[in-house]
Amino acid sequence: GLLGPAAILVWVVAGICATIIALVFAYCSYYVPRVGGPFAYVSEAFDDFYGFLTGWSIWIAEILSIPVFAIAFVQYLQYFVSLEFYQQIIIKGLFLFTLTYVNIRGVKAAGRINDILTIIKLAPLLLIVILGIGFFTIHPQTLSSNYLPFAPLGFGNFGVALVLIFWAYVGFEMGTLPASEVRNPRKTIPKAIITGMIIVTIFYLLTNFVVYGLLKWTTLETTKVPLVLTGITLLGTAGA
């Protein structure tokens, strides 16, 4: 809605920026493999007061960002099931409290659940990418018609779009927090951060390339469930 199909360029730039910052975290986790992540790094570099400010800033930022996932979950759910306002609140609450409970149980339990959720999350995206690219080989005109004009709104909103899209890449900093509960954190955490960023960037770029190619940007501008519309385009109701 800010750039049209040219938003795909922002995903590339945001991925580069996020990867650079992620590498800094990987570097820090190698030299300061202590629990607390950014709190530990800043405390080591300066003192505990600035570490305290950093820790609280990140804690507040994470708390404020958590509702986004519950909101998105309910938005997609409402495409299939009509929900009253109070039902939306209940589902959002259950969504948040369930994931919070899993994390309280411990790193191992959270890791297992996260592995399962990641497979569930990536499988349909992989299907969309494979089917989408197959669709483009058969119907190349759809790809060209939806990507042209490439920048119908110009590039004036590039910075605003970059801030929004960059947010989708962050999260790598959370992997540094439980360093004391991870085996060989000096090796494991940097490897996890770098591998994770590569996987995330590839998935984001391929998924959005397909979504922008299958749907007109004017349609994407108004919908809250772009992946459902993409699934419908590829597979009908089953795709949704």
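**Aromatic pairs and their surroundings**

Mentor: Phenylalanine 136 is buried, with a relative accessible area of 6%, where buried means under 20%, exposed over 50% and partly exposed in between (1.4 Å probe, protein chains only). This is a predicted model, in which local features need pLDDT of at least 70, side-chain atom pairs count only at pLDDT 80 or more, and totals for chains, interfaces and linings use all residues. Residues are numbered from 1 along each chain as its sequence is written, and side-chain values use heavy atoms, with hydrogens and water left out.

Trainee: How many aromatic pairs are there?

Mentor: Rings of Phe, Tyr and Trp (its six-membered ring) pair if their centres lie within 6.5 Å, and planes under 30 degrees apart count as stacked, over 60 as edge-to-face and the rest as tilted. Under this rule the count of aromatic pairs is 17.

Trainee: Which class does the pair of phenylalanine 136 and phenylalanine 209 belong to, stacked or edge-to-face?

Mentor: Phenylalanine 209 is partly exposed at 32% relative accessibility. The ring centres of phenylalanine 136 and phenylalanine 209 are 5.8 Å apart and their planes stand at 80 degrees, so the pair is edge-to-face.

Trainee: Which residue has its charged end over the ring of tyrosine 30?

Mentor: Tyrosine 30 is partly exposed, with a relative accessible area of 38%. A charge sits over a ring if NZ of Lys or CZ of Arg is within 6 Å of the ring centre and within 35 degrees of the ring normal. Here the charged end lies 5.4 Å from the centre of the ring, and the residue is arginine 186.
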